[in-house]
Amino acid sequence: MNNNMKNMTLTAMFLAIGMVLPIFTGQIMHLPVFLCALICGWKYGLSMAFVLPILRSVVFGMPPLYPTALSMAFELSTYAVVAGLLYEKSRWQCIKALYCCLFTAMIAGRVVWGIVQSVLLGIIGNTFTLQAFIGGALLNAVPGILLQLVLVPAIMVALDRTKVLPFK
């Protein structure tokens, strides 16, 4: 199977996981996005990340399309681009580089989420306060952040050790 076909198949698998996983994790869609971007590349991760929350909203009604799913589409896309691109361009693909990419992507994604949320809420005449940003981007997100920082590296290390996707 050529690399393009493999990446498209894996991206579809990550999209399917992203559709179902939030049912069990309290709406956390980030794990398959990070994994898709790291394994298949940022371009595949970007396309999957943007579609995922909107598709989940249309199919399951969660998250609500406006403004939540739309702002999540930009947030998850930022995660995919930043994590995937930094990891791809990293001199060494190792656990240290992986954590640097994850931290940077998480910060960038949350900033983008805050900006998009502010714009979308402003369109309908609401405001997005600093307290709402801190609550949504940091305080309420701590369980998901911890889960991502444990599971994504653990899966990548497992893929390395089994030689399915070795670090470079």
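Buried means under 20% relative accessible area, exposed over 50%, and partly exposed in between, with a 1.4 Å probe and protein chains only. This is a predicted model, where local features need pLDDT of at least 70, side-chain atom pairs count only at pLDDT 80 or more, and totals for chains, interfaces and linings use all residues. Residues are numbered from 1 along each chain as its sequence is written, and side-chain values use heavy atoms, with hydrogens and water left out.

**Stop 1: helix α3**

Select residues 42-60, helix α3. Helices here are DSSP runs (H or I, at least four residues), numbered from the N terminus. Colour the buried set: Tyr-44, Gly-45, Met-48, Ala-49, Leu-52, Pro-53, Arg-56 and Ser-57. Now show α1 (3-25), α2 (30-40) and α4, against which the buried residues of α3 pack. Contact means heavy atoms within 4.5 Å.

Check the length next. The 19 residues of α3 reach 26 Å from first C-alpha to last, close to the expected 27 Å at 1.5 Å a residue. That expected span is 1.5 Å times one less than the number of residues.

Then centre on Leu-52. A kink of about 30° lies there, shortly before the proline Pro-53. The bend is the angle between axes fitted to the seven residues ending at a residue and the seven starting there.

**Stop 2: from α3 into α4**

Step just past α3 to Gly-61, where phi is positive at about 80°. Move on to the peptide bond from Met-62 to Pro-63: it is cis, with omega near -5°. Pro-63 sits in the loop between α3 and α4 (65-89). Another cis peptide bond joins Tyr-66 and Pro-67, with omega about 0°. Pro-67 lies in helix α4.

**Stop 3: α5 against α7**

Select 95-123 and 142-161. The axes of α5 and α7 come within 11 Å and cross at roughly 145°. Axes are lines fitted to C-alpha atoms over the stretch in contact, and angles run from 0 to 180 degrees between N-to-C directions.

Show the side chains. From α5, the contact uses Ile-95, Leu-98, Tyr-99, Leu-102, Phe-103, Met-106 and Arg-110; from α7, Ile-145, Gln-148, Leu-149, Val-152, Pro-153, Met-156 and Val-157. These divide into 12 nonpolar, 1 polar and 1 charged.

**Stop 4: after α7**

Finish at Lys-163, in the segment after α7. Its phi is positive, about 65°, although Lys-163 is not a glycine. Lys-163 counts as exposed, at 62% relative accessibility.

Methods. Helix = DSSP H or I, 4+ residues; strand = E, 2+ residues; numbered from the N terminus. Nonpolar A, V, L, I, M, F, W, Y, C, P; charged D, E, K, R; others polar.
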